[in-house]
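I opened a new page for this model today. I wanted to look up a few strands, a bond and a pocket.

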Number of protein chains: 2
Amino acid sequence: MGPDLSTLIHKAPTRIVFLIADGLGGIQSGPNDLTELQQANKPNLDRLAAEGECGLMDPVAPGITPGSGPGHLGLFGYEPTEHQIGRGLLSALGVGFPLQHGDVAARLNFARLDPKGNIADRRAGRIPTEENQRIIKMLVAKLPKAIDGVKIFLQTEAEHRAVLVLRGKGLGEAVCDTDPQATGVPPLEPKALDAKAANKKTAAVAKKLLAQVKKLLAEEPKANFILSRGFALHTKLPSMAERYGLTAAAIANYPMYRGVASLVGMTLLEPGQNLIENIAVAKKHWGKYDFFFIHFKYTDKTGEDGDYAAKVQRIEELDAAIPAARDLRPDVLVITGDHSTPSKLKAHSWHPVPVVLWAPATVRRDAVTKFDEVSCACGGMGRMPLKCLLPLALAHAGKLQKFGA
Amino acid sequence: MGPDLSTLIHKAPTRIVFLIADGLGGIQSGPNDLTELQQANKPNLDRLAAEGECGLMDPVAPGITPGSGPGHLGLFGYEPTEHQIGRGLLSALGVGFPLQHGDVAARLNFARLDPKGNIADRRAGRIPTEENQRIIKMLVAKLPKAIDGVKIFLQTEAEHRAVLVLRGKGLGEAVCDTDPQATGVPPLEPKALDAKAANKKTAAVAKKLLAQVKKLLAEEPKANFILSRGFALHTKLPSMAERYGLTAAAIANYPMYRGVASLVGMTLLEPGQNLIENIAVAKKHWGKYDFFFIHFKYTDKTGEDGDYAAKVQRIEELDAAIPAARDLRPDVLVITGDHSTPSKLKAHSWHPVPVVLWAPATVRRDAVTKFDEVSCACGGMGRMPLKCLLPLALAHAGKLQKFGA
């Protein structure tokens, strides 16, 4: 949609702040049958809405519930269906693994096989994270550091989940999952999905690795094997610098968001302990970047917990940080989420996210005076794909030339 | 987006009028901090809004500021990123040059070279238009009429700007600009951007021409050379007749808009002196066409001048012409702009344009009763790409068949 922005880059000494409240959007529930945003006391967000322009945006497309990867790619102006981040890669980013170009990552699940070698439990009874850590430590100690010249890294994620990273030359990602997604059948072999040497190499290494893991885990009562899913090659996405001419910085506490930000070339700044501190981090580095992505996790976390009251409280915490964000004097300030996480649904959802764009020099104010999902439906931005938000922010920041004569 | 309309053409004895107020959209400013449309007294436009359906449309895409070419292509239902009108072509259309199929046009800037042959001033001190005309007249008198069988046309645009048109067989447009967009360096050679004979031919003719121009301008104090930009081949776009089955006519006073209209196959009618007269021109030719594009320039011009009060006045002039447009008894009457030109910004902008579509027989009225940017945000058309407007107009005019069984 639209022209290639890299042909329209206009350098301007302006700054954009994207303050992203993860999972911000909700649906009506709670004691007053309101969305969490409607329920919250949020005078600062409402003031931004009154002074700015609002809308509803679809992170991927109407009806599509995004994972954190696609949601953030949309925020950063990428078409999430064109630039997919494989499951293994997202898991590795999520545990903060320092991925290098050419690494192949896979998500691992500890599982239990019955005496015949068929899968009895695909999640090994959801073993506690501590047990996972004990087993991973043992495997790392006893497994070879490399197989066929390919280095092996294993890391705990949580409960039954772990991450495998393979590092070596000429590895491919087109390798089938070994998790058959069924019990009573044996695990699958890691097979290359085509005849390419790179994929065959990954499959061969994985096969040898799994054979050794099987021996080492033979005496484990619950987690006597691992299943692998989502082999994914770490390839750099075109950076925000290349695509938009932005010098972008990310301030995020959770590894996954730091990882996605680094994938699009952002510099990762050392975050503080909370949102106010993270805004102070932006202030400290204000002169060096022209785009700041500040991530606030807890609107999503409380939504996933189904804790309506806690999500409302986290929205009020967000609201309390808005004056500090305004004090940065950004040319453009955007508040939105990467997707909705209604506490009623206890999960990510497809509902579009409410957006407010505040840009005093260039905004066309709409009639919206409350920042919530219902009010934003009548905003000047209407309803559009989330990937359109970044071009709008660039325009308001004077960072895009005219298209065509 | 959507099916190929040419497969759905349905002939109907109905008429569509697009009354286009160039640069119509604005943002809040002025004494009451209102948009120009909000400020204007415009009972007739408001009545259209109340009786019709409103919305906001993006000429190219959210955040993209369109030039006049892309804006009008969007209005005429063309995807502006697929059908680009090169700079040279638009300049030639802008001076009213009678382009023929196969012509190659380039935009010229008079420049000043220093004694070493490096560019000292890329705009020759923005020489007055009269000086430009004197020099062009001299060049036209002394240059050969053709080089290598290719006819040479030169025409003044304004100040330091002029237009070159090459006419001959087998000319290409993939020739680099000779303007290096920098001073202190020599102009570039006009080189073909690939090995195609057509492009090499254009480059060779341009090179010989520039060598002669350099000699003829050697004694000029300010404008002792020319730089060329945006070589563009005149190729016909698929016409509105082919795409939609329309017999379309344009009533526009400015050469550029007449030019863009002719590119999509409209018949150019002789315009009057003002908007009321131009509506009378439509009335005179009412029986012969089923689509009328009537262009009103002054909402853009006043916006570009940053003259809020004058833009408000021009909107009121537009409003006063609405009864005459209604008296035509069109089946569909559309009022919108090709882009926004907020007087606060003194330039084209990316803000979406407000649209009202009036079609008494088929309209689904929305809640909008005022024709302005804020009210239109709540209209039934929502926010959509401007290229979707023409299919909507065709539908309301009964000119589209059902798609699929």
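I looked up β12 (residues 332–336) and β13 (residues 353–358) of chain B; three bridges join them, and they run antiparallel. Strands here are DSSP runs of E, at least two residues, and helices are runs of H or I, at least four, numbered from the N terminus. Within this pair, Ile335(B) stands opposite Val356(B).

I noted that the model is predicted: local features need pLDDT of at least 70, side-chain atom pairs count only at pLDDT 80 or more, and totals for chains, interfaces and linings use all residues. Residues are numbered from 1 along each chain as written, chains are lettered from A and ligands numbered from 1 in written order, and side-chain values use heavy atoms, without hydrogens and water.

**The sheet**

I traced the order β10-β9-β11-β1-β12-β13-β2-β14 in chain B, an open sheet of eight strands with mixed pairing. Two strands pair if DSSP finds at least two bridges between them. The edge strands are β10 (267–268) and β14 (383–385) of chain B.

**The disulfide**

How many disulfides does the structure hold over all chains? I found one. The term means a pair of cysteine sulfur atoms within 2.5 Å. Cys378(A) is joined to Cys378(B), S to S 2.3 Å. The pair crosses between chains. On the chain A side, Cys378(A) sits in the loop between α12 (373–376) and β14 (382–385).

**The lining**

I listed 33 residues lining the second largest pocket, with Ser68(A) and Met256(A) among those nearest its centre. A pocket is an open set of points on a 1 Å grid over the protein atoms alone, where a 1.4 Å probe fits, with protein on both sides within 12 Å along at least five of seven lines; lining residues have an atom within 4 Å of a point.
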